[in-house]
Amino acid sequence: MNRHDPDQPDPGASQDDAVWLDLVARLESDTVATRPETPAGGQLPPSGKASGTPETRQPPSFQDFDPLGLAGMPPAELSAAERQAAAAGGTGAEPAGPSEGPRDYEVDDDGGEFVPEEPPSLAGTDPLTMLAWLGAVGGPVALLLSAMFWRSAPLLAIVGIVAVFVLATVYLIMKLPQEKNGDDDGARV
């Protein structure tokens, strides 16, 4: 077995350090090949500085890092002011004629106001179903009010309110339809 002696330096460590220092030096250098003011190939002029770079170091701008070359390109779309000027008959860059867009059609509006249908009357509701709804909704409300205003309520009253709530909820769940209507697509609530 070939074990590494901890007292001897690692031969690859000095090479790694040299590569790391070279990388850091290239990243910190002022002359980067992607900058527009640097000549092609990243070569500096004989003076030692890139042409057009001032003596003082300036923070990099968006044009310094522009891998797609979009910084000098004009916008592909007109601004809102230019579009309004073109629509008003001004001298916009947009050609005359109808513009295409998602809302370039006339909406057929009959001018009528939406009137919802009348809800069914509660007078025709099954009395047992109405009592179940009162128990299911009124039970928690009664418990809340008794906790706030009737702190000395007997245990039998509290148990009775909870029992009415549970029974009413079970009754309403049991009244739900058991089978799905094949003609109903679920579009109407």
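Okay, a definition to start: a residue is buried when it has under 20% relative accessible area, exposed when over 50%, and partly exposed in between, using a 1.4 Å probe and protein chains only. By that cut-off, 8% of the 189 residues in the chain are buried.

Some ground rules. This is a predicted model, where local features need pLDDT of at least 70, side-chain atom pairs count only at pLDDT 80 or more, and totals for chains, interfaces and linings use all residues. Residues are numbered from 1 along each chain as its sequence is written, and side-chain values use heavy atoms, with hydrogens and water left out.

So what's in the chain? Four helices and zero strands; helices here are DSSP runs of H or I with at least four residues, strands are E runs of at least two, and numbering goes from the N terminus.

Let's go to helix H3, residues 127–149, which is where Ala136 sits. Is Ala136 buried or exposed? Buried, because its relative accessibility is 15%.

Val162 is 26 residues from Ala136 in sequence, with 9.6 Å between their C-alphas.

One last thing on H3: there's a kink of about 35° at Gly138, shortly before Pro140. That bend is the angle between axes fitted to the seven residues ending there and the seven starting there.
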